[in-house]
Amino acid sequence: MKRPTTAPVKNRMRNEQQQWEAISSSCICSALRKASRRISHLYDAMLADTGLRASQWNLLVQLACSGPTSIRDLAALLVVDASTLSRNLAPLRRDGLVRVDVTAQDARARIACLTTEGRARIEQARKGWLRAQSEMQKGLGAGHLKQLRESLEIVWSMPGTQGDDRGRKTFPGE
């Protein structure tokens, strides 16, 4: 009796693998997430001696830019949901870098404020941030860095890429 050949099964598996490899290598989301992790690691390393991570640096700098800001508005500015922002604020509050106050108008609303210690910490961390920026510029070149920044700004403003704090897509005009 003749044995059945496994060639069709192997060919089908090879074709499926090639399809998945094509999807994997062309996935914009995957590429951005990988790049984001690499960049975050670089910034984390450059900021490490100040005790800040890149995500904390970004939060503190945003508060320095915007001044006292509601938790809801701060989450929107940082493009994170409110629960993630609360988790990110906890160590900054514990270390006295950020203060969260209840508003006089609404006891349920909270306002995040950069403290004097927080302002001093981002001043201290600025050198590490500049080193990370320099490394990125060396790695990409000024032209590619500018192009990357412009491309990312387009992505941020694309309809359908904004979401509310429950992950639901929101569109302009909603």
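**Close-up views of a predicted protein model**

The secondary structure of the protein chain amounts to 6 helices and 5 strands, where helices (H or I, at least four residues) and strands (E, at least two) are DSSP runs numbered from the N terminus. This is a predicted model, in which local features need pLDDT of at least 70 and side-chain atom pairs count only at pLDDT 80 or more, while totals for chains, interfaces and linings use all residues. Residues are numbered from 1 along each chain as its sequence is written, and side-chain values use heavy atoms, with hydrogens and water left out.

**Figure 1. Overview of the protein chain.** Along the sequence, the elements follow the pattern α-α-α-β-α-α-β-β-α-β-β. Of the 174 residues, 22% count as buried, that is, under 20% relative accessible area, with exposed meaning over 50% and partly exposed in between (1.4 Å probe, protein chains only). The accessible surface comes to about 12,800 Å², of which 55% belongs to carbon and sulfur atoms; areas come from the Shrake-Rupley method with a 1.4 Å probe, and for residues only the protein chains shown count as cover.

**Figure 2. The open sheet of 3 strands.** The strand order is β1-β3-β2, with antiparallel pairing; two strands pair if DSSP finds at least two bridges between them. Strands β1 (69-70) and β2 (98-102) stand at the edges, each with a single partner strand, so one side of each has no neighbour in the sheet. Strand β2 is joined by 5 bridges to β3 (residues 110-114), and the two run antiparallel. Within this pairing, Val-100 stands opposite Ala-112 of β3. Helix α3 (residues 54-66) packs on the sheet and touches β1, β2 and β3, its direction making about 95° with that of β3. Here axes are lines fitted to C-alpha atoms, for helices over the stretch in contact, and angles run from 0 to 180 degrees between N-to-C directions. On the β1 side, 2 bridges join β1 to β3, again antiparallel, and the bridge partner of Ser-70 in β3 is Ile-111.

**Figure 3. Thr-50 in the loop between α2 and α3.** Thr-50 lies in the loop that separates α2 (28-47) from α3. With a relative accessibility of 8%, Thr-50 counts as buried. Apart from neighbours within four places in sequence, Thr-50 is in contact (heavy atoms within 4.5 Å) with Arg-121, Gln-124 and Ala-125.

**Figure 4. Val-79 in the loop between α4 and α5.** The loop that holds Val-79 runs between α4 (71-78) and α5 (82-94). Although not a glycine, Val-79 has a positive phi of about 55°. Most residues other than glycine have a negative phi. Val-79 is exposed, with a relative accessible area of 68%.

**Figure 5. Cysteine residues.** The structure holds 0 disulfides, a disulfide being a pair of cysteine sulfur atoms within 2.5 Å. The sulfur of Cys-29 has its closest cysteine sulfur in Cys-27, at 5.2 Å, which is too far for a bond. Cys-65 is exposed at 63% relative accessibility.

**Figure 6. Confidence along the protein chain.** The mean pLDDT, the predictor's confidence in each residue from 0 to 100, is 86 for the protein chain, and 88% of its residues reach 70 or more. Confidence is highest in α3, at a mean of 96, and lowest in strand β5 (residues 169-170), at 44. Over residues 164-174 the pLDDT is below 50, and this stretch has 16 contacts in the model beyond near neighbours in sequence. Where pLDDT is low, the predicted coordinates should not be read in detail.
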